[in-house]
Amino acid sequence: RRGEIVGFAGMMGAGRSEIARAIFGLDSHDGGSITMDGKPVRIKSPRDAIRNGIAMVTEDRASYGFVGVRSIRDNIVLPNTDLYARRGILNRKAIRVSVEEICRKLSVKAASIDTLAGTLSGGNQQKVVLSKWLVRNVKLLILDEPTRGIDVGAKQEIYRLIAELAAGGIGVLMIASEMPEVLSMSHRVEIVADGRIIGELNRAEATQDKVMKMIVEGRKQHES
């Protein structure tokens, strides 16, 4: 829902990332449906997802999240040329204004927007990855391990950003291996085991013990 952070909790290999990748059109799916604003949508590729207001920050930031040998500016523009181009020509002034604004909003620490993304700290690289989506009108933001490889101080900044995005009306689907992270950030927790959602807990009732109990019970049922 708009403004809601939903967390996926489960063991490694439970299928959390696979479900998220299928929603974003990175992986094919055998069944199920995706509904946006009460209407069913067909998503066969990331392009379809982006057109429907879905964005995804992937688990492997270095391989799939940004291009280290390109500048901050280039990384933000690459998936968004439709926003800045007219008749095939990029509006460089609009790009500069937009990129500087989103970098200022997310407190990206760099000498300039021409700084190579690969030279930034892990926290600032993640902010650049977020920035490239937040220049768009995003309705659903999928975050797969958003604080992996980031120091403690930068983690707190990312948590703050996620909370602010949700407060601004964006729906957030978050996957994290650290259970306390999922429980503290989520309004609702979906329990995943063997590629299926096997249960749900709201923030008031979600505890690590309850989640683990549901995971174990769900796996036993699947095996039987």
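The model is a predicted one, and the protein in it contains ten helices and ten strands. Six of the strands make up an open sheet with mixed pairing, ordered β4-β7-β8-β1-β9-β10.

**The sheet and its edges**

- The edges of the sheet are held by β4 (54-57) and β10 (196-202), and because each has a single partner strand, one side of each is left without a neighbour in the sheet.
- On average, and with direction ignored, neighbouring strands of this sheet are turned by 20 degrees against each other.
- Strands β9 and β10 run antiparallel and are joined by six bridges, one of the bridge pairs being Arg188 with Asn202 in β10.
- The hairpin of β9 and β10 has two residues between its strands, and within this hairpin Asp194 adopts a positive phi near 55 degrees.

**Strand β1 inside the sheet**

- Strand β1 runs parallel to β8, to which it is joined by four bridges, and Val6 stands opposite Leu173 of β8.
- Four bridges likewise join β1 to β9, again in the parallel sense, with Glu190 in β9 as the bridge partner of Phe8.
- In a regular strand, side chains alternate between the two faces of the sheet.
- In β1, Ile5, Gly7 and Ala9 lie on one side and Val6 and Phe8 on the other, and as these residues are all buried, both faces of the strand are covered.
- Five of the five residues of β1 count as buried, with under 20% relative accessible area, and β1 is therefore largely enclosed by the rest of the structure.

**Helices lying across the sheet**

- Helix α1 (residues 16-24) lies across β1 (5-9), β4, β7, β8 and β9 (188-193), and its direction makes an angle of about 140 degrees with β4.
- The buried residues of α1 are Arg16, Ser17, Ala20, Ala22, Ile23 and Phe24, and just after this helix Gly25 takes a positive phi of about 85 degrees.
- Helix α7 (residues 122-134) lies across β4 and β7, running at about 170 degrees to β4.

**The nonpolar core**

- The largest nonpolar core comprises 66 residues, and those with the most contacts inside it are Ile54, Leu130, Leu141 and Ile142.
- Helix α8 (residues 152-167) supplies the largest share of this core, namely seven residues.
- With neighbours within four places in sequence left aside, Ile142 is in contact with Ala20, Ile23, Phe24, Ile54, Ala55, Met56, Val57 and Leu173.

**Overall dimensions and packing**

- For 224 residues a compact globule would have a radius of gyration near 17 Å, and the 18 Å of the protein agrees with this.
- Taken along the principal axes, the C-alpha atoms fill a box of roughly 60 × 40 × 30 Å.
- Of the 224 residues, 47% count as buried, while the accessible surface comes to about 12,100 Å², with 49% of this surface belonging to carbon and sulfur atoms.
- Among the contacts with a separation of 6 or more, 67% are accounted for by residues 24 or more positions apart.

Terms used:
Residues are numbered from 1 along each chain as its sequence is written. This is a predicted model: local features need pLDDT of at least 70, side-chain atom pairs count only at pLDDT 80 or more; totals for chains, interfaces and linings use all residues. Side-chain values use heavy atoms; hydrogens and water are left out. Two strands pair if DSSP finds at least two bridges between them. Axes are lines fitted to C-alpha atoms, for helices over the stretch in contact, and angles run from 0 to 180 degrees between N-to-C directions. Contact means heavy atoms within 4.5 Å. The radius of gyration is taken over C-alpha atoms; the globule rule is 2.2 Å times the number of residues to the power 0.38. Buried means under 20% relative accessible area, exposed over 50%, partly exposed in between (1.4 Å probe, protein chains only). Accessible areas come from the Shrake-Rupley method with a 1.4 Å probe; for residues, only the protein chains shown count as cover. A nonpolar core is a set of buried Ala, Val, Leu, Ile, Met, Phe, Trp, Tyr and Cys residues joined through side-chain atoms within 4.5 Å.
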